[in-house]
Amino acid sequence: IKWKGWSYIHSTWESEESLQQQKVKGLKKLENFKKKEDEIKQWLGKVSPEDVEYFNCQQELASELNKQYQIVERVIAHTRKPAPSNEPEYLCKWMGLPYSECSWEDEALIGKKFQSCIDS
């Protein structure tokens with residue numbers, strides 16, 4: 001799940017049951033996704049091996065793009081959270097995404113993997 005208002009780095013795997021328990025909005029999107037997956041599964045059973053290979057390559061490329069969205073391209077700004085925590089936060093530009101998708105992230109999350117972006 002790519003959560004609304006959160007960057008891709010906060011995406012999670014969820015069961016349908018957990019989504020229903022949390023009473024999240026967008027369960028219709030889940031139903032549409034499942035319907036689309038069923039249609040794809042049926043289609044894959046009818047097409048040539050070349051079409052299946054092409055489809056799988058496209059899926060792999062899309063998956064690689066999504067992984068890219070979890071890499072900080074640059075840190076644009078920084079601030080500190082209000083007291084008492086006073087921890088640094090960084091405005092992150094994510095690779096492959098427009099500036100409109102920038103998000104504020106805690107140093108604890110960004111500092112470990114992307115210290116070079118913070119430094120620069």
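User: Where do domain bounds come from?

Analyst: Domain bounds come from an automatic or database domain assignment. Here the chain splits into domain 1 (27–69) and domain 2 (70–119). Their C-alpha centres lie 32 Å apart. This is a predicted model: local features need pLDDT of at least 70, side-chain atom pairs count only at pLDDT 80 or more, and totals for chains, interfaces and linings use all residues. Residues are numbered from 1 along each chain as its sequence is written, and side-chain values use heavy atoms, with hydrogens and water left out.

User: How do I read the interface of domain 1 and domain 2, and how much area is buried?

Analyst: Interface size is often given as the accessible area lost when the parts come together. Buried area is what two parts lose on being put together (1.4 Å probe, summed over both). Domain 1 and domain 2 bury about 430 Å² between them, 52% of it on carbon and sulfur atoms. In domain 1, Lys67, Gln68 and Tyr69 lose the most area to domain 2, together 95% of what that side buries. By contact (heavy atoms within 4.5 Å), 4 residues of domain 1 meet 6 residues of domain 2.

User: How many salt bridges cross that interface?

Analyst: A salt bridge needs a side-chain nitrogen of Lys or Arg within 4 Å of a carboxyl oxygen of Asp or Glu. The rule finds 0 across the interface of domain 1 and domain 2. A search of the whole structure finds 5. One of them joins Lys34 and Glu16, with the closest N and O atoms 3.0 Å apart. Lys34 lies in helix H2 and Glu16 in helix H1, so the pair ties together parts 18 residues apart in sequence. Helices (H or I, at least four residues) and strands (E, at least two) are DSSP runs, numbered from the N terminus.

User: How many aromatic pairs are there?

Analyst: Rings of Phe, Tyr and Trp (its six-membered ring) pair if their centres lie within 6.5 Å; planes under 30 degrees apart count as stacked, over 60 as edge-to-face and the rest as tilted. The count comes to 2. Tyr8 and Tyr69 form a tilted pair, 4.9 Å centre to centre, with 55 degrees between the planes. Tyr8 lies in the segment before helix H1 (16–22) and Tyr69 in the loop between helix H3 (49–68) and strand E1 (72–80), so this pair ties together parts 61 residues apart in sequence.

User: Which peptide bond is cis?

Analyst: The bond from Ala83 to Pro84, with omega near 10 degrees. Pro84 lies in the loop between E1 and strand E2 (88–94).
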